[in-house]
Amino acid sequence: MFLFLSIFFYYLGLLIPDIDSECSLISKLLHFHIPIAHRGLTHSVWFGFIFLGLGIVLFYPLRFLFIGLLMHGFIDYYSKAGWVPFYPIGRYRIYN
């Protein structure tokens, strides 16, 4: 059961940052999106730290959600749009 939950939260972490886009898979599945700028706050490391803290305090498999969020950021790093890991403190995109 622990392995299943860990994998589930990891894949959820890969999808959650795109909840700010109407065209993303997670937004279409939930029929909901957050009306903020895409690749902003939900793509930052600070957003991931919220789930890491919850994983430390409440439920261990939430730590895998944090890992999924970071992997989503690394994948964006290799895209043309880049990644802003410390948004809103630093608004400079990093690219490969």
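Guide: Let us begin with contacts, which are heavy atoms within 4.5 Å. Not counting residues up to four places away in sequence, Met71 touches Tyr10 and Leu14. The C-alpha atoms of Met71 and Tyr10 are separated by 9.2 Å, although these residues are 61 residues apart along the chain. This is a predicted model, in which local features need pLDDT of at least 70 and side-chain atom pairs count only at pLDDT 80 or more, while totals for chains, interfaces and linings use all residues. Residues are numbered from 1 along each chain as its sequence is written, and side-chain values use heavy atoms, with hydrogens and water left out.

Visitor: Where does Met71 lie, and is Met71 buried, exposed or partly exposed?

Guide: Helices are DSSP runs of H or I with at least four residues, numbered from the N terminus. Met71 lies in helix α4, which spans 62–77. For accessibility, buried means under 20% relative accessible area, exposed over 50%, and partly exposed in between, with a 1.4 Å probe and protein chains only. Met71 counts as partly exposed because its relative accessibility is 32%.

Visitor: How is a nonpolar core read, and which residues make up the largest one?

Guide: In soluble globular proteins, nonpolar side chains tend to be buried together. A nonpolar core is a set of buried Ala, Val, Leu, Ile, Met, Phe, Trp, Tyr and Cys residues joined through side-chain atoms within 4.5 Å. Here the largest has seven residues: Phe9, Ile16, Phe47, Phe51, Leu62, Leu65 and Leu69. The elements giving two or more residues to this core are α3 and α4, and α4 gives the most, with three. Phe9 is in contact with Phe59, Pro61, Leu62, Phe64 and Leu65, leaving aside its neighbours within four places in sequence.

Visitor: Phe4 is in helix α1, residues 2–15. Is Phe4 buried or exposed?

Guide: Phe4 counts as exposed, because its relative accessibility is 55%. Its C-alpha atom is 9.5 Å from that of Pro61, 57 residues apart along the chain.

Visitor: How is a nonpolar surface patch read, and which residues make one here?

Guide: A patch is made of residues with over 30% relative accessible area and no salt bridge, with nonpolar side chains (Val, Leu, Ile, Met, Phe, Trp, Tyr) joined within 5 Å. A salt bridge is a side-chain nitrogen of Lys or Arg within 4 Å of a carboxyl oxygen of Asp or Glu. Areas come from the Shrake-Rupley method. In this model Ile50, Leu54, Ile56, Val57, Leu58 and Phe59 make a patch of about 590 Å². Leu58, placed in the loop between α3 (45–57) and α4, counts as exposed because its relative accessibility is 65%.

Visitor: Which polar atoms lie close to the side chain of Thr42?

Guide: A polar contact is a pair of N or O atoms within 3.5 Å; within protein, one must be able to donate a hydrogen and the other to accept it, and residues adjacent in sequence count only if both atoms are side-chain atoms. The backbone oxygen of Pro17 lies 2.8 Å from a polar atom of the Thr42 side chain. The side chains of Thr42 and His43 also make a polar contact, at 3.4 Å. Thr42 is in the loop between α2 and α3 and counts as buried because its relative accessible area is 3%.

Methods:
Patch = residues over 30% accessible without salt bridge, like charges linked within 9 Å, V, L, I, M, F, W, Y side chains within 5 Å. Areas by Shrake-Rupley, 256 points an atom, 1.4 Å probe, with all protein chains shown as cover.
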